[in-house]
Amino acid sequence: MRFATRMLLAQIVTQVTVVGVCTSVFLLLGVNQLRSGAESSALNIARTVAEDPEVRTLVADYSADPGTPDAAGLIDGPLQRYAHAVTARTEGLFVVITDDHGIRLAHPDPARLGEVVSTSFDEALAGREVVTWESGTLGESARAKVPVYAPGSGDRPVGEVSVG
């Protein structure tokens with residue numbers, strides 16, 4: 001093989017390698033930025049829902065009742081309507097609201113109302129906000145879980161809001 005041919009091949013290999021490395025770095029940075037944006041959006045939406053006075057009052061009422069909420073009563077309830085409206089406005093995947101036992105009070109799939117959530121709610125009920133990537137009944141998503149406190153109380157969470 002002639003020297004000129006070897007040099008041309010070396011240049012082509014170098015260019016392809018540089019383009020490949022730059023593309024990989026660009027994609028990695030882009031994906032990380034998208035993930036970070038999704039996490040931030042989910043957290044902000046969850047905080048807003050958890051601070052709503054009506055949500056706080058209704059979740060506190062459900063948590064004060066020792067029984068399991070009736071799923072049929074939750075389907076057309078104010079929490080379900082509110083969660084559905086927030087999901088539609090924000091174009092999120094879901095807004096789930098639970099009581100202090102992890103029972104779904106609002107969920108995109110009405111058949112799941114009155115059931116315990118499929119992912120852990122312990123951190124939120126301990127009063128901590130959590131943002132993770134998880135797979136649940138609604139698929140993989142960035143999930144923000146925020147505690148819901150009863151009105152006039154900041155002591156103990158009475159439920160959680162999970163947004164994806």
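Figure 1. I45 is a residue of helix α1, shown here in a predicted model. Its relative accessible area is 18%, and because buried means under 20%, I45 counts as buried. Beyond its neighbours within four places in sequence, I45 is in contact with V86, T90 and V163.

Figure 2. Helix α1 covers residues 3-51 and has 49 residues. From its first C-alpha to its last, α1 reaches 72 Å, close to the 72 Å expected at 1.5 Å a residue. Buried residues of α1 include A42, L43, I45, A46, V49 and A50. An α-helix has 3.6 residues a turn, so residues three or four places apart point the same way. Which elements cover the buried residues of α1? The cover includes the helices α2 and α4 as well as the strands β1, β3, β4 and β5.

**Figure 3. T87 in helix α4.** T87 belongs to helix α4, which spans residues 78-90. The relative accessibility of T87 is 16%, so T87 counts as buried. A polar atom of the T87 side chain lies 2.9 Å from the backbone oxygen of A83. Apart from neighbours within four places in sequence, T87 is in contact with G92, L93, F94 and V95.

**Figure 4. E91 in the loop between α4 and β1.** E91 is located in the loop that lies between helix α4 and strand β1. Is E91 buried or exposed? With a relative accessibility of 73%, E91 counts as exposed. The phi angle of E91 is near 60 degrees, which is a positive value in a residue other than glycine. Most residues other than glycine have a negative phi.

**Figure 5. The five-stranded sheet.** An open sheet is formed by 5 strands in the order β2-β1-β5-β4-β3, with antiparallel pairing. Strands β2 (104-106) and β3 (130-136) stand at the edges; each has a single partner strand, so one side of each is left without a neighbour in the sheet. On average, neighbouring strands of this sheet are turned by 35 degrees against each other, direction ignored. Helix α1 packs on the sheet and touches β1, β3, β4 and β5, its direction making about 30 degrees with that of β4. Helix α2 (residues 53-64) lies across β1, β2, β4 and β5 and runs at about 40 degrees to β1.

**Figure 6. Pairing of β1 with β5.** Which residue of β5 stands opposite I97? The residue opposite I97 is V161. Strand β5 also contacts helix α1, and V163 is among the contacts of I45.

**Figure 7. Strand β4 between β3 and β5.** Strand β4 comprises residues 139-149 and is mostly covered, with 8 of its 11 residues buried. How many bridges join β3 to β4? These two strands run antiparallel and share 7 bridges. One of the pairs is G136 with its bridge partner G139 in β4. Towards β5, strand β4 is joined by 6 bridges, again in an antiparallel arrangement. Here V148 has G159 of β5 as its bridge partner.

**Figure 8. The whole chain, for orientation of the close-ups.** The protein chain contains 5 helices and 5 strands. Starting at the N terminus, the elements run α-α-α-α-β-β-α-β-β-β. Taken along the principal axes, the C-alpha atoms fill a box of roughly 85 × 30 × 25 Å. The radius of gyration of the chain is 23 Å, whereas a compact globule of 164 residues would have a value near 15 Å. Of the 164 residues, 35% count as buried. Among contacts with a separation of 6 or more, 52% are between residues 24 or more positions apart.

Definitions and conventions: Residues are numbered from 1 along each chain as its sequence is written. This is a predicted model: local features need pLDDT of at least 70, side-chain atom pairs count only at pLDDT 80 or more; totals for chains, interfaces and linings use all residues. Side-chain values use heavy atoms; hydrogens and water are left out. Helices (H or I, at least four residues) and strands (E, at least two) are DSSP runs, numbered from the N terminus. Buried means under 20% relative accessible area, exposed over 50%, partly exposed in between (1.4 Å probe, protein chains only). A polar contact is a pair of N or O atoms within 3.5 Å; within protein, one must be able to donate a hydrogen and the other to accept it, and residues adjacent in sequence count only if both atoms are side-chain atoms. Contact means heavy atoms within 4.5 Å. Two strands pair if DSSP finds at least two bridges between them. Axes are lines fitted to C-alpha atoms, for helices over the stretch in contact, and angles run from 0 to 180 degrees between N-to-C directions. The expected span of a helix is 1.5 Å times one less than its number of residues. The radius of gyration is taken over C-alpha atoms; the globule rule is 2.2 Å times the number of residues to the power 0.38.
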